[in-house]
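Please read the following briefing alongside the sequence and the coordinates. It is arranged by topic, with the cut-offs given where each term comes in.

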Amino acid sequence: LTAFVTRLNAEKRTRALISSMLNDIKSPSEKSSNPLILKLASLSVLDPEDRAILSDLTTRVSDVPAGTDLIREGDRPDGVYLIMEGFACRYKVRANGARQIMAYLVPGDFCDLDVALLQRMDHSIGTLSACKVVRMDLQTIQDLTKKHARITRALRTATLVDEATLREWLVNVGRRSAEERIAHLFCELRLRLEVVGCTHQNSYRLPVSQADLADTTGLSVVHVNRALQVLQGSGMIHIEEQQVRILDEQELRRLAEFRSNYLHLGAEAAA
Amino acid sequence: MTLRIVPVELPLNGSDKTAQLVYQNDGLVAVICQLSNHHGDLAGKWFLEADFSQSHVTAAPLFLDIEEAAEWLERRYTRLAEHPALQSQR
C-alpha cells in the first residue's frame with residue numbers, strides 16, 4: 001500500500017508539473033492582445049473581471065482611413081474615442097494652414113475621459129494612418145466610471161500620463177534641437193508601443209509622413225529630413241518603409257536626455 | 001525694392017551646402033539654400049534657411065528657383081515695411 005501511495009503521489013506531482021508547464025506555454029497566447037487592457041494594466045492593477053469589462057467595451061471596432069477627423073475643434077463631444085490600431089493625433093490648424101500636432105494617440109490610447117464636461121472641442125482629433133477605432137458613448141463612460149473603481153483609477157492615471165507627455169512635448173518644441181526633438185519622440189514611442197505589444201525587438205512601425213513629423217516637432221520638413229539623416233548617419237536609428245529600428249538606444253536616450261519617468265510605466269509591478 | 005543675391009557656401013549645413021545670401025540695399029536680410037539629393041522629391045528646391053526680419057518665419061514654402069524665392073521675399077518685406085506686426089507667414 002505504501003508503495004502504491006508513493007506512486008500515486010508521484011503521479012499527482014507529475015500531473016501538477018505538466019499542468020503548470022502547459023499553463024506556462026499557454027500564458028503568452030492567453031495574455032491579452034487588447035491594447036487598452038495592456039495599457040491600463042501597465043498603469044494600475046486590473047483583475048480578470050475588469051479585463052472582461054474592457055474587452056466587452058472594445059468589441060465594436062470601426063475602420064477609419066488615414067487623414068480622417070474623428071472630431072473637430074468646435075464640435076460638441078459625442079463620446080470617447082479609443083485607438084485599437086494605427087496612429088491618430090490631437091492637432092490645431094492656423095488660418096494660414098499651419099498645423100501643430102500636440103499628441104499622438106497610439107493603440108490603447110483614448111481621448112478624453114472627462115470630455116463630456118466640455119461644451120465644445122478646443123482642438124481636433126484625426127487619424128494619421130488608417131486606424132481601428134472604438135467610439136464609446138458618454139453614457140457608457142459614465143456607467144463605467146460609476147461602477148468600476150479600478151478601471152476608473154487606471155483611466156484617470158492614463159489621463160495624467162497624457163498631461164505629463166504634453167509637458168514633455170512642450171519642452172521638446174521649446175527647448176530641444178531638431179535632432180534632440182526627433183530622438184526624444186522616437187525613444188518615447190518605443191516605450192509606449194512596447195507596452196501595447198506593437199514593437200518587435202527594437203523596431204516599430206511609425207505610419208506617419210515627414211510632414212506629420214514636422215508638424216509634431218515644430219520643425220520644417222527640411223529640418224526633419226536633415227535630423228533623420230544625422231540620426232541615421234551616426235548609427236543610432238535606421239528607417240525603412242515607415243519601420244523605425246533603434247540601433248543604439250543608449251546613445252539616442254543620451255542625446256535626447258530621455259527619462260521615461262513621465263510615462264509612469266510599471267505601476268502594476270510596483271503595486 | 002530690389003533684392004540682390006550673392007552665392008555662398010554653407011560648409012557645416014550637412015549636404016545642403018549651396019546657398020545664396022539675400023541683400024536688400026547693403027543689408028543682409030535672408031539666406032536661401034538649395035536642397036541636395038538627400039531630400040528625395042524636394043531635391044533642387046530652395047529653402048528659406050534664415051530670415052533676418054524681426055519676426056521669425058515658421059512656415060515659408062519651398063521655391064522652385066532663386067527668382068521665385070526672391071519674389072516671395074520681396075512681397076514679404078514690402079508687407080513687413082507697411083505693417084510690421086501683421087505680415088503673413090505664407
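This is a predicted model: local features need pLDDT of at least 70, side-chain atom pairs count only at pLDDT 80 or more; totals for chains, interfaces and linings use all residues.

Residues are numbered from 1 along each chain as its sequence is written, chains are lettered from A and ligands numbered from 1 in the order in which they are written, and side-chain values use heavy atoms, with hydrogens and water left out.

**Chain A overall**

- The secondary structure of chain A comes to ten helices and twelve strands, where helices (H or I, at least four residues) and strands (E, at least two) are DSSP runs numbered from the N terminus.
- Chain A has 271 residues, and 43% of them count as buried, with buried meaning under 20% relative accessible area, exposed over 50% and partly exposed in between (1.4 Å probe, protein chains only).
- Among the contacts in chain A with a separation of 6 or more, 72% join residues 24 or more positions apart, a contact being heavy atoms within 4.5 Å.

- A pocket here is an open set of points on a 1 Å grid over the protein atoms alone, where a 1.4 Å probe fits, with protein on both sides within 12 Å along at least five of seven lines, and lining residues have an atom within 4 Å of a point.
- The lining of this pocket comprises 29 residues, and A:Arg90, A:Val161, A:Asp162, A:Glu163 and A:Thr165 lie nearest its centre.
- At least two lining residues come from each of α2 (35-43), β4 (88-93), β5 (99-105), α5 (149-175) and α6 (178-195) of chain A, and α5(A) gives the most, with seven residues.
- The lining has 16 nonpolar, four polar and nine charged residues, counting Ala, Val, Leu, Ile, Met, Phe, Trp, Tyr, Cys and Pro as nonpolar, Asp, Glu, Lys and Arg as charged, and the others, Gly among them, as polar.

**Aromatic pairs**

- Over all chains the structure holds four aromatic pairs, meaning rings of Phe, Tyr and Trp (its six-membered ring) with centres within 6.5 Å, where planes under 30 degrees apart count as stacked, over 60 as edge-to-face and the rest as tilted.
- One of them is the edge-to-face pair of A:Phe87 and A:Tyr104, at 5.8 Å centre to centre with 65° between the planes.
- This pair links A:Phe87, in the loop between β3 (80-85) and β4 of chain A, to A:Tyr104 in strand β5, 17 residues apart.
- A:Phe87 is buried at a relative accessible area of 3%, and A:Tyr104 is buried at 2%.
- The rings of A:Tyr104 and A:Trp169 have centres 5.3 Å apart and planes at 85°, so this pair too is edge-to-face.
- Because A:Tyr104 lies in strand β5 and A:Trp169 in helix α5 of chain A, the pair ties together parts 65 residues apart in sequence.
- A:Phe87, A:Tyr104 and A:Trp169 form one aromatic cluster.

- A:Gln242 has a positive phi, near 60°, and sits in the loop between β11 (237-240) and β12 (243-246) of chain A, where it is partly exposed at a relative accessible area of 34%.
- B:Asn25 has a positive phi near 55°, in the loop between β2 (18-24) and β3 (27-34) of chain B, and is exposed at 61%.
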